[in-house]
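The entries below keep to what I looked up.

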Amino acid sequence: MTDSYQIDIKDNTLVFRTSSFKAEKGSVLHSGIYNRELASSLAAGALIMLLGFFFATRFKITTIHFTAALVIFVIFFLLFRTYVFLEPVLRVTVDKQNGNIDITLERIFGKRRISLPITELDNIRQDYLSVTPENPDGIRLVEQVALQHGTVIPGFGKTAEFYTVEMEFKNGKRFIVFSSEEPSKAEKIATKFKNFIER
């Protein structure tokens, strides 16, 4: 998905997909250090190590085995990144012909779907959220350890600012359908939703 979202409008249907729909700080482990690629690498590496121990007890390890291990590592990495450590995706389908709004959360362990009538939609609103770090002492400690190892972690421990697009319904339910640190993206998406629904 380009720019972490994809929006398609055809006739009376709008389909919006994004992996950026949470307005919250990530793990205490900075995304530059610990991310899905690293998790996939660690998992693939663990499997290669297990296979290595298994084959080392039965065969004499040669250069061919190391080459095969490298190829298998790449395959495992791609499989883990594609099918295990994939990002959840939020899909919003606005079907004016059927009069429904479907909000679906697609995850590795299944889907969660909510369907509401368009007539219940009260507003498409933009919001701003500022998230400050909860543990400044812990952040300073991590930064000191990183500096001792000659590493700088850009943006670690900084206040995060999110610009969100929310769907508000008359029954009081609210759903964040997009979140970005760039206000222009949120404004663009909110405008597209409003223009489609109001036309």
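The model I worked on is a predicted one.

Entry on the sheet. I traced five strands that form an open sheet in the order E1-E2-E3-E4-E5, with antiparallel pairing, and noted that strand E1 (5-10) and strand E5 (110-117) are the edge strands, each pairing on one side only. Neighbouring strands of this sheet are turned by 10° against each other on average, when direction is ignored. I then looked up the bridges between E1 and strand E2 (residues 13-18) and found six, the two strands running antiparallel; Gln6 has Arg17 in E2 as its bridge partner.

Entry on the helix. I found helix H4 (residues 183-198) packed on the sheet, where H4 touches E1, E2 and strand E3 (89-95), and its direction makes about 160° with that of E2. Which residues of H4 are buried? I listed Lys185, Ala186, Ile189, Ala190, Phe193 and Phe196, and because they cover an arc of only 135° around the axis, they lie on the same side of H4.

Entry on Ser180. I located Ser180 in strand E8 (residues 174-180), and its 9% relative accessibility is why Ser180 counts as buried. Leaving aside residues up to four places away in sequence, I found that Ser180 touches Glu161, Phe162, Tyr163 and Lys185, while its side chain reaches the backbone nitrogen of Glu182 at 3.0 Å. I also noted that Ser180 and Thr164, 16 residues apart in sequence, are 6.4 Å apart in space, C-alpha to C-alpha.

Definitions and conventions:
Residues are numbered from 1 along each chain as its sequence is written. This is a predicted model: local features need pLDDT of at least 70, side-chain atom pairs count only at pLDDT 80 or more; totals for chains, interfaces and linings use all residues. Side-chain values use heavy atoms; hydrogens and water are left out. Two strands pair if DSSP finds at least two bridges between them. Helices (H or I, at least four residues) and strands (E, at least two) are DSSP runs, numbered from the N terminus. Axes are lines fitted to C-alpha atoms, for helices over the stretch in contact, and angles run from 0 to 180 degrees between N-to-C directions. Contact means heavy atoms within 4.5 Å. Buried means under 20% relative accessible area, exposed over 50%, partly exposed in between (1.4 Å probe, protein chains only). The arc is that of the directions from the helix axis to the C-beta atoms. A polar contact is a pair of N or O atoms within 3.5 Å; within protein, one must be able to donate a hydrogen and the other to accept it, and residues adjacent in sequence count only if both atoms are side-chain atoms.
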